[in-house]
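Me: Let's go through this model in short questions and answers. Please put the sequence and structure up.

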Amino acid sequence: MTAGGKDGELDHMVLTYLQERGFTESAAKLRDEAQVPTLPALTEQLRRSVRSVVGSGLLFHSPEAVCSLDRCFRKLRSWVDGALEQYRCELAAVLYPIFVRSYLELVHRELPDDAADFMEAHRADFGDSVPELTALAAVRTPQQVADSEIARTYWTGSFELKMSAYSFELLVAFVQAEQLLPFLQLLNGEHFTVVITRRAPPLDSTEFGAGAPDDGRGMHTAARIFGRVEAVNAQQATLGPLEELQLEHDAIRAEQSGAASADAPAAAAAGRAKRAPAKRARDAGGGGGAAVGAAGLAAARSRIPLPAWSRAVEEQLVLDALHRVPLSDVQLPSCCLATLLNARDSVNCAAFSNDVATLASGHADSTILLSSLRRLREQQQFTAAGGTLAPDEPPAVRTLVGHSGPVFALSFSRDDRFVLSASQDGSARLWSTSDSAKLAGGSCLVCYRGHGFPVWDVAFSPLGYYFATASHDSTARLWATDKLSPLRIFVGHLSGVHCVRFHPNSNYLLTGSSDSSLRLWDVSSGSCVRLLCGHTGAVTAVALSADGRYAASGSEDATVRLWDLGSGKEVCAYKGHTGAVWSVTFSHDEPGGGLLASGGADSAVRLWDFNAPPPLPAEGVDRRPPGCVGEYFTRSTPVLCTAFTRRNLLLAAGPYAGR
């Protein structure tokens, strides 16, 4: 029997079927006639072959052995690609661990040139977007293996691969039949553990227990291979709404609803009385609150000092919530697209103020433009009617100058009085948006330096005062507007951090990185409490739902993924974009409702119903991707920014890229 032949695979399938159905006599006769060895016999035969033919450490010393290693890997890869679809997914999971371990063996044997040739010859098989290969390719000496976290993890850890019994039988039989000696030693070594399961092989790579991505090649992150994801995600996290803010809004609602009744003073006093214990508990360092939010999650008390709230801003927020339009798959939002003309090669980012009065854009020439949308429209109408603007008329567009490199991100404060910017020059700057000269309108108030590399993103806390930055130096940092040094430095990503957002209760920080993972950080302790793996490209956008239960991410792999922060598991992967996804945002809705919007390089905005599983595509009826409930196409405007207003109007912005 040829292990890679179709007849042998068919024998294994029939044999397994007979065993599972209890036809032991028929299975024994088939095994004798087809000469199909049992799994224990195959395993023991593999061990004897390794001990008798291959001595430990002899496979990687000579040039002939290195060439043999390259030929063996090509042969194994070709066999996996030609295997039946039923087995291909599980068998493909072996390729990446064997490739990485073989590369590190060459490095450890002090064969840097051979290791580099082996890496360059085969890394394309696993996609250039795998960030670990970039990190591993820089490791050329045993000392660098010890110094690199990812290389050290691969070298000292044990690969755990889950395979069905008949897939493992096929693998062992093929390796023996083809005399792939280097891999005989690796599979029999202490760094490979194969867990045999009695289930049928999965037909879809997403069902595979080791977490292979969509291409079926078996590419894993180091954290997933060594089981660290489950350990991180088992930590407790309080994801409910902020209790102090919830009580404040309840008091405002009570005062507003009782303004015309004699009970208004009593309602206000009751609201203040409810807030007092929470404040005392916070000041005394109390733990989490017991109140329950609308999502059924326990309300969270802040573990960091809270800024003073503006009464006017909070009253406006409550008013916006009362007039908010609920969204669903049958009630879609209106969408307004702001197209920036004559800015095709210069605009890097855009952001709307919370009151939708201002659009900020960051440019490659290191400037920031603040466009007053209302004033811009009024002045255009006035000049179109033949009017002439007065010399002292405030400009509709103001230019902010201060950075010494391209501006990559912008974020408005809760009250829209300030805007933060992030730049290639490694700094973040705080600007005033006021027109008043007394408040230094349009000038830089503070420059925050700490990152040694470009800062890709910046985000204000939902409560103001605090903000976070994400940088190419693989870290995210927490800042306060009145301090020049960071309060926390979050370290753990294997590559640059592209995006950052605060959790609605401000106790956590969500980051996305070019290492294809997302991390949720506790801002109080600085520890990572959730590690979300699933993307096969750099994560370029993240967002959190209004109730704090879900996170969404967009990636260069053209997918939008929804995550359950409570369990740390992926809920759904939405596939519909044809280019990188640059922005994702949730609508402001009660739990159980709302939509998710995304935009990107394909010049389209798409709406996803994240409260229901994506249905199967309907043939000949709806050409939209599964789960997509709405699409807005631009003529030629890549979408840099999407945002829902507090009343659920959908906004988008981008530069016109037409010729």
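**Burial, turns and strands**

Me: Is Ser474 buried or exposed?
Reply: The relative accessibility of Ser474 is 18%. Buried means under 20% relative accessible area, exposed over 50%, and partly exposed in between, with a 1.4 Å probe and protein chains only. Ser474 therefore counts as buried.

Me: Ground rules next. This is a predicted model, with residues numbered from 1 along each chain as its sequence is written. Local features need pLDDT of at least 70, side-chain atom pairs count only at pLDDT 80 or more, totals for chains, interfaces and linings use all residues, and side-chain values use heavy atoms without hydrogens or water. Where does Ser474 sit, and what is its phi?
Reply: Ser474 lies in the loop between strand S13 (466–471) and strand S14 (475–480). Helices (H or I, at least four residues) and strands (E, at least two) are DSSP runs, numbered from the N terminus. Most residues other than glycine have a negative phi. Ser474 is not a glycine, yet its phi is positive, near 75°.

Me: In which loop is Ser366, and what is its phi?
Reply: Ser366 is in the loop between strand S5 (358–363) and strand S6 (367–372). Its relative accessibility is 13%, so Ser366 counts as buried. Ser366 is not a glycine, but has a positive phi of about 75°.

Me: What share of the chain is buried?
Reply: The chain's secondary structure comes to 18 helices and 29 strands. Of its 659 residues, the buried share is 52%.

Me: Among contacts with a separation of 6 or more, what share comes from residues 24 or more positions apart?
Reply: Contact means heavy atoms within 4.5 Å. Take the contacts in the chain with a separation of 6 or more. Residues 24 or more positions apart account for 58%.

Me: How many residues of helix H6 are buried?
Reply: Helix H6 (residues 95–108) has 14 residues, and its end C-alpha atoms are 20 Å apart. The expected span is 1.5 Å times one less than the number of residues. That gives 20 Å, so the span agrees. H6 is mostly covered, with buried residues numbering 13 of 14.

Me: How far apart are the end C-alpha atoms of helix H15?
Reply: H15 covers residues 243–257, and its buried residues include Glu243, Leu245 and Ile252. Its 15 residues should span 21 Å at 1.5 Å a residue. The model agrees, because the end C-alpha atoms are 21 Å apart.

Me: Which side chain makes a polar contact with that of Asp457?
Reply: Asp457 is in strand S12 (residues 455–460) and is buried at 7% relative accessible area. Leaving out residues up to four places away in sequence, it touches several residues, among them Ala409, His498 and Arg501. A polar contact is a pair of N or O atoms within 3.5 Å; within protein, one must be able to donate a hydrogen and the other to accept it, and residues adjacent in sequence count only if both atoms are side-chain atoms. At 2.8 Å, the partner side chain is that of Arg501.

Me: Which residue in S18 stands opposite Tyr508?
Reply: Strand S17 (residues 508–513) and strand S18 (residues 517–522) pair in the antiparallel sense over five bridges. Opposite Tyr508 stands Asp522.

Me: How enclosed is strand S21 (residues 550–555)?
Reply: In a regular strand the side chains alternate between the two faces of the sheet. Tyr550, Ala552 and Gly554 point one way from S21, and Ala551, Ser553 and Ser555 the other; all are buried. With six of its six residues buried, S21 is therefore largely enclosed by the rest of the structure.

Me: Which residue has a positive phi in the turn between S21 and S22?
Reply: S21 and strand S22 (residues 559–564) pair in the antiparallel sense over five bridges. Ser553 stands opposite Arg561 in S22. Three residues separate the two strands in this hairpin. The one with a positive phi of about 70° is Ala558.

Terms used: Pairing = 2+ DSSP bridges.
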